[in-house]
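Subject: Structure handover

Hello,

Here is the structure I promised to pass on. My notes on it follow below.

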Amino acid sequence: MNETFTWINSTLKDDIDFIIWTGDSARHDKDEKLPRSKKEVISQNELLVQKFLEVFGKPDNFDDDDPTNDFLIPIIPTFGNNDILPHNIFRQGPNEWTQRYLQIWQQFIPEAQRHQFARGGWFYVEVIPNQLAVFSLNTLYFFASNSAVDGCARKSEPGFEQLEWLRIQLELLRQRGMKAILTGHVPPARVDAKTSWDETCWQKYTLWLKQYRDVIVASVYGHMNIDHFMVQDFQDIKKHVKKGLSVVEVADNEWDDEMSISAAADYLVGLRSEFAKIPPVVSPISIAHLPVNDQTGQQVVLEKDKNVDDSSQDIGGPYAERYSISLIGASIVPNYFPSLRVVEYNISGLESITLPDYRLPRGDTDEAAEIMKGKKNKKGDEHENKKKKKKKKKKKQYKFTVPKGPSKSAPPGPAYSPQTLTLTEYTNYYANLTYINNDFPRMRSNGQDDGVVEDEGWKAGKHKGKVSPRKPKPKEFKFEMEYDTSGDKIYKMDDLTVKNWLKLARRIAGEKKGRKADEVDAEEKSMETKEKGKGHDRNEVWYTFIKRAFVGAKDPQEIEEEFGVYMGLGSDTMWDENEHNMEL
């Protein structure tokens, strides 16, 4: 961790506009012989704040009484399921942990939102004033493994309150012409009828994504430790949810709270099956940058292209507005290799903006909290459907306010067409610990090491019980580029709009011209019966996706054995024996 901040300070510091910190900064609760304590969890998070201060702080302001002007740039933290005790269990606020982190993160939370944070641990920051806000969601209130709460259907639940707060805030941003990035710890994963979130929370959240698709730029999460993306299909929103009714059902489809390496493999295979269900993505229409009206400052809606293939309706029209994308990054303290991500976004129209010396806003009121406070006095907060048309007892239904969708005159949002604030590309960096540790060098035939690390030196169990034949000589710790989406020969992404993610998803699933999704599923099932080395799938994109998911910590043989996919003899550009390094 120390070396990571040292590297950031010397390499990236001056190019970063804001930081999204996705949580789980404390040691995970897996060592029965060394149980965690509250003191340890708190001190480890305080240490991270101190590290951020060392790199991005304003030393001249550290000793004053004002915590709002200590940082050069906005930093947005969020609760991880291991940032509390017991892990996963986060009770309705105000509680011990919201109060404690209100102190730990006092330099990050705007004054007007401190009361709201104490209630539930959520807040937002305008990272570009009057242009872009980042929302830190407390996903532990959505998390299916948090037994202290019960979903998002009942108005008495903190998950309901958080989504209501988010709905009002996004509506206010829409009225101001602003955009939003959503972030949290636990992502809304949903594969093979299993979900990491309570279903009532997933349903409402996905409805929010649909209705505010003109406002939301991107969604960013952590928790799963594997680098990947997931797709939310708005057709999975149930009819009663679209009508403003939540139904509480007994959940029997939850994942375990932590994803083991073997579970991660199963998850990725399931994810690929979901990708195979995506309809064909038609060629993009020519949209370039949407023009801006000089008088209103608003982007002008382009006339729909009459020549667009009607099949685009299968994906929600020419901009693929049937879907939303969630990005999940790997971790710094790894299951695999340490990894971090730098995302770039379109600044067209923002070049002339001069940002003032950064400080958290002070003294403003939280308009959403005031609106919610007024609504609590109204009757009919919770509605149980008690109509009995039949003797059979119906499930309870709970009312909620359905968000308004984009106006018919609104252009597609930054997530769907290239424009100001659209994410254009990202670069993933990693630290090759095998190479850096340099503790199991390759030996020459004469018994002398040649100074090169073994390709398999990182592998669990490979050197169990062995003693290194020489005193380790660690190399300099540094991150290097793993891949970037813009110049990548495999992903081939012009930008990070939804349509490009769908194209990549279909290629991961094995799309071929004229090939239907059910054919991909049939081929995948047939792979299970094939013997090793006979007829395995040679899908370069799927192989690369797996390789990157595990940040290069699986060699080609493992990938072939576990996933039935290979690159082909001589084509594995990601495992260069001469460099002993990933070349992605």
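Start with Gly80. Gly80 is buried, at a relative accessible area of 0%. Buried means under 20% relative accessible area, exposed means over 50%, and partly exposed lies in between (1.4 Å probe, protein chains only).

Before going on, note that this is a predicted model: local features need pLDDT of at least 70, side-chain atom pairs count only at pLDDT 80 or more, and totals for chains, interfaces and linings use all residues. Residues are numbered from 1 along each chain as its sequence is written, and side-chain values use heavy atoms, with hydrogens and water left out.

Back to Gly80. Its place is in the loop between β2 (75–76) and α3 (96–104). Helices (H or I, at least four residues) and strands (E, at least two) are DSSP runs, numbered from the N terminus. What does Gly80 touch, leaving aside neighbours within four places in sequence? Gly80 is in contact with Gly23, Asp24, Leu140 and His185. Contact means heavy atoms within 4.5 Å.

Next, a helix pair. The axes of α5 (residues 158–176) and α6 (residues 199–211) come within 11 Å and cross at roughly 0°. Axes are lines fitted to C-alpha atoms, for helices over the stretch in contact, and angles run from 0 to 180 degrees between N-to-C directions. The two helices are therefore roughly parallel (under 35 degrees; over 145 is roughly antiparallel, 65 to 115 roughly perpendicular, the rest oblique). On α5, the contact residues are Phe160, Leu163, Leu166, Arg167 and Arg174. On α6, they are Cys201, Lys204, Tyr205, Trp208 and Gln211.

Now the rings. The whole structure holds 39 aromatic pairs. Rings of Phe, Tyr and Trp (its six-membered ring) pair if their centres lie within 6.5 Å; planes under 30 degrees apart are stacked, over 60 edge-to-face, and the rest tilted. Tyr124 and Phe135 are stacked, with centres 4.9 Å apart and planes at 20°. Tyr124 lies in strand β3 (residues 123–128) and Phe135 in strand β4 (residues 132–136), so the pair ties together parts 11 residues apart in sequence. Tyr124 is buried at 14% relative accessibility, and Phe135 is buried at 0%.

Last, charges over rings. Arg341 lies over the face of Tyr426, 3.9 Å from the ring centre. The charged end of Arg548 sits over the ring of Tyr491, 4.6 Å from its centre. The cut-offs are NZ of Lys or CZ of Arg within 6 Å of the ring centre and within 35 degrees of the ring normal.

Best wishes
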